[in-house]
Amino acid sequence: MAKVERKIFQPTILTAMLIEGACDKDKGGANISDFTNRAIIEYYTPYTSPLRKETEFIFHRLINEEDILEDELKATLARCVDILKDYPISDVKPLEQIFIHFTYKRGRRLRYDYIQIVDEQQDRILHRFNDVLKTVDEDFTYGSREFGERSRYAFKHWSELCRYSEIYTALATIIECEDIYYPLSIFRTIDLIKWLDNAVRDSSLETVKTPFETNISLSDRYYGISYEVSVYHTDNGYEYLSGDISFDHMPNKIREYYQKYMNIGTIHGEVTEKDLNDIIAIEKEGRLLFRRLNKNHKSQMEVK
C-alpha cells in the first residue's frame, strides 16, 4: 500500500475539470477518494456478464483478505476461456497472452504423464482438438499429447477456428491440464480477463456450435495413434511413470505389451480399417497398463 500512496496523480485539463465537477462538495459531489476507488474498480470490471462474475469473485476475495493460490487463478482463466464459446473473439492477442503462462518455452516437453492428468472427457476433447489441428495444419504432429504447445497451431490458424465454440472448450481444457510455466499474479489475471472482455466487445462474430469439419485419412489416423504408442507407451514413458530407471522391476504385462506392439510390423500399401482397429486396441491396452503403473508407483512412493 505504501508503494501506491507514494504515487502522485497528475490530472490533465480534462480530467481535472471532470473530477472537480464530480467531487464538488458544494453541489453534493462525491468524496474524491470514493470516486477514484470506484472508477478504478469499474475500469477493471468486465462488461460481459460471465466474465464480470469471475472478476467480481476475485474482488470479493481480495476485500475479505483471502489468499488466492496460483492454481485457483489458473482455474479462473480456464473458465474465462471456456466462456468465450458463447462470445467468440477475432482478436487472438489476449489468448496468446494467457497461454504465455501455459506454454513451455525451452523446447518441447513430452508429456509422459498425460494419462495421469486427463480424465475421459478431457482426453476426448483433446483428441478431437488434434483432429481439428491436423485438418488445418499438415505440419501438426497428429497424436501429440502435449498441452500448451498445441495452442500455437490454433493461434496460427485463428481466422479459420475462432468462430467455433469447441475450440474455446479445447483451449480451456489445455489450461486445466497444463502446468504454470510463467508466474501468474492476481493483478495479471484480472488484467487478462479485462483484455478478453475488450476483445468480446470489439468482436462481431457469431458463434458456430456445430463441430469444425475435419478431414483425417485412415493413414493419418493410424500413424497418429502409432505415434502415441511409440512415444508415450514405451521405454521413456515407463521410466517416467514408474521411476524404474534400470527397468529391473518392469511387470511382465508391460513386457508382453511391448512385444505385441513390435509384432505389428510395418504396413505395406494402404492402411485398412483392420489396421486402424488393431492399433486402436494396442493404444487402449497401453493406456490402461500405464495408468495402473502410475497408480502403483504413486502408492509405492507414498509408502516410502
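The legends below describe an overview and several close-up views of a predicted model.

**Figure 1. Overview of the chain, a predicted model with 16 helices and zero strands**. Along the principal axes, the C-alpha atoms fill a box of roughly 90 × 50 × 30 Å. The radius of gyration of the chain is 25 Å, whereas a compact globule of 304 residues would have one near 19 Å. Of the 304 residues, 42% count as buried. Among contacts with a separation of 6 or more, 79% are between residues 24 or more positions apart. The accessible surface is about 17,900 Å², and carbon and sulfur atoms make up 52% of that area.

**Figure 2. The largest nonpolar core, made of 69 residues**. The members that touch the most other members are Ile-89, Leu-95, Ile-98, Trp-158 and Leu-171. Helix α11 (residues 165-177) gives the largest share of this core, with eight residues. In soluble globular proteins, nonpolar side chains tend to be buried together. Beyond four places in sequence, Ile-98 touches Leu-77, Val-81, Ile-175, Leu-192 and Leu-196.

**Figure 3. Helix α9 (residues 149-156) and the helices around its buried residues**. Glu-149, Arg-150, Ser-151, Ala-154 and Phe-155 are the buried residues of this helix. The buried residues of α9 pack against five elements: α6 (93-99), α7 (114-117), α8 (120-136), α10 (158-161) and α11.

**Figure 4. Ser-165 in helix α11**. Ser-165 has a relative accessible area of 8%, so the residue counts as buried, the limit being under 20%. Setting aside residues up to four places away in sequence, Ser-165 touches Lys-85, Thr-207, Val-208 and Lys-209.

**Figure 5. Ile-180 in the loop between α11 and α12 (186-202)**. Ile-180 counts as partly exposed because its relative accessibility is 21%, and buried would require a value under 20%. Apart from neighbours within four places in sequence, Ile-180 is in contact with Glu-70, Asp-71, Lys-74, His-101 and Phe-102. Glu-206 is 26 residues from Ile-180 in sequence, and the two C-alpha atoms are 32 Å apart in space.

**Figure 6. Asp-131 in helix α8**. Asp-131 counts as buried because its relative accessibility is 11%. Beyond its neighbours within four places in sequence, Asp-131 is in contact with Tyr-142, Thr-214, Ile-216 and Arg-221. One of these contacts, Thr-214, is 83 residues from Asp-131 along the chain, and their C-alpha atoms are separated by 6.3 Å.

**Figure 7. Glu-283 in helix α16 (residues 273-303)**. Glu-283 is buried because its relative accessible area is 9%, under the limit of 20%. Not counting residues up to four places away in sequence, Glu-283 touches Arg-145, Ile-225, Glu-228, Val-229, His-233 and Tyr-257.

Key
Residues are numbered from 1 along each chain as its sequence is written. This is a predicted model: local features need pLDDT of at least 70, side-chain atom pairs count only at pLDDT 80 or more; totals for chains, interfaces and linings use all residues. Side-chain values use heavy atoms; hydrogens and water are left out. Helices (H or I, at least four residues) and strands (E, at least two) are DSSP runs, numbered from the N terminus. The radius of gyration is taken over C-alpha atoms; the globule rule is 2.2 Å times the number of residues to the power 0.38. Buried means under 20% relative accessible area, exposed over 50%, partly exposed in between (1.4 Å probe, protein chains only). Contact means heavy atoms within 4.5 Å. Accessible areas come from the Shrake-Rupley method with a 1.4 Å probe; for residues, only the protein chains shown count as cover. A nonpolar core is a set of buried Ala, Val, Leu, Ile, Met, Phe, Trp, Tyr and Cys residues joined through side-chain atoms within 4.5 Å.
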